[in-house]
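Here are a few notes to go with the model you are about to open. Have it on screen as you read, and take the points one at a time.

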Amino acid sequence: MEKNSGGLWQKIRRDDTWYLKVFLIFFVIGNVFFLTSNQVFRGTPSMIEITEFNSDLSWNDRTIQMKRWDYDPENSLMEVELSIDKNESLDGIRNYSYAASEYNEGAMKVEAVAETEDMLVIQIKEIPKRYTVVALHVSVPGEGEGTDLAVYGDRNSITQKSIHTKTTDEYEAEKIEREIGELEKLIRLEEDKIEQEEKTVENGIARVRELRAKKDYQTEEEQSKTQSQISEIESRIEASRSEVRKGEENVREYQARIEKETELLSKYEGGIGHE
């Protein structure tokens, strides 16, 4: 009986070894998959810092802004537009290298559909329906690893809409139209501020008038306090007038920029551009 028990124990030990080998194989495969698919992502999706639109990103003597990130589920396609707002580099490079990855799926197909001095439009293809976080990397050809620009988007930041590939001139025209729209918004904001400041001036003048009328019926001590109030209100009136002047100056500047952008837009719409 003991002999049979020993044989059974040996069998169990052999089985345990087999199970351990299987576990180790799957463990190694799992780690290889994790490292290869997530090497550009540090941490879980919730830990990844999603790139903000219209915020300055310093890279390779350039100032970059991400202007839009669209997703077309019907065509499993994404389109990212980056604006090169400032380029202090003298490398003369206008064509870059690109790579993209999805958090779970790993590397994605990527293609630049427009590259100009001030704009890059990149398409990321074969996007999975259940994508989580997508990373787009831009690099200067020949530069070492770790010198690239990385931008990140997720379901909360990426806009779902139809995507139609356009010519470079069409992308430029769209960019200018968007910039004109942003300038028009700034004008409206300035006009609202001007209106508020003008109301402050109007109310301040009326209040000063009331206080001055009361001084005729006040003692010297009361008049002194009233005069302090008047001086304080007059300072606020002057500050508001100064803000009105600044606002009017800003409106004139924005209007001048819109005029120039509109002239440039007509050239691109007429087919005079990069193509």
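1. Start with His 137, which counts as buried because its relative accessibility is 13%. For these notes, buried means under 20% relative accessible area, exposed means over 50%, and partly exposed lies in between (1.4 Å probe, protein chains only). You'll find His 137 in strand E7, residues 133–139. Its side chain has a polar contact with the side chain of Asp 148, at 2.5 Å. A polar contact here is a pair of N or O atoms within 3.5 Å; within protein, one must be able to donate a hydrogen and the other to accept it, and residues adjacent in sequence count only if both atoms are side-chain atoms.

2. Before going on, a word on the source: this is a predicted model, where local features need pLDDT of at least 70 and side-chain atom pairs count only at pLDDT 80 or more, while totals for chains, interfaces and linings use all residues. Residues are numbered from 1 along each chain as its sequence is written, and side-chain values use heavy atoms, with hydrogens and water left out.

3. Next, look at Ser 240 in helix H3 (residues 220–269). Helices are DSSP runs of H or I with at least four residues, strands are runs of E with at least two, and both are numbered from the N terminus. Ser 240 is buried, since its relative accessible area is 5%. Which side chain does the side chain of Ser 240 make a polar contact with? That of Glu 197, at 2.8 Å.

4. Now for two loop residues with positive phi. Asp 61 isn't a glycine, yet its phi is positive, at about 65°. It belongs to the loop between strand E1 (57–59) and strand E2 (62–72). With a relative accessible area of 53%, Asp 61 is exposed.

5. Glu 126, also not a glycine, has a positive phi near 55°. The loop that holds Glu 126 runs between strand E6 (119–125) and E7. Is Glu 126 buried or exposed? Exposed, as its relative accessible area is 51%.

6. Finally, check the surface for a negative patch made up of Glu 191, Asp 192, Glu 195, Glu 198 and Glu 248. Patch residues have over 30% relative accessible area and no salt bridge, with like charges joined within 9 Å and nonpolar side chains (Val, Leu, Ile, Met, Phe, Trp, Tyr) within 5 Å. A salt bridge puts a side-chain nitrogen of Lys or Arg within 4 Å of a carboxyl oxygen of Asp or Glu. Helix H2 (residues 168–215) is the main contributor to the negative patch, giving four residues. Glu 195 sits in helix H2 and counts as exposed because its relative accessibility is 54%.

Conventions: Accessible areas come from the Shrake-Rupley method with a 1.4 Å probe; for residues, only the protein chains shown count as cover. Lys and Arg count as positive and Asp and Glu as negative; His and the chain ends are not counted. The place of a charge is taken as NZ of Lys, CZ of Arg, CG of Asp or CD of Glu.
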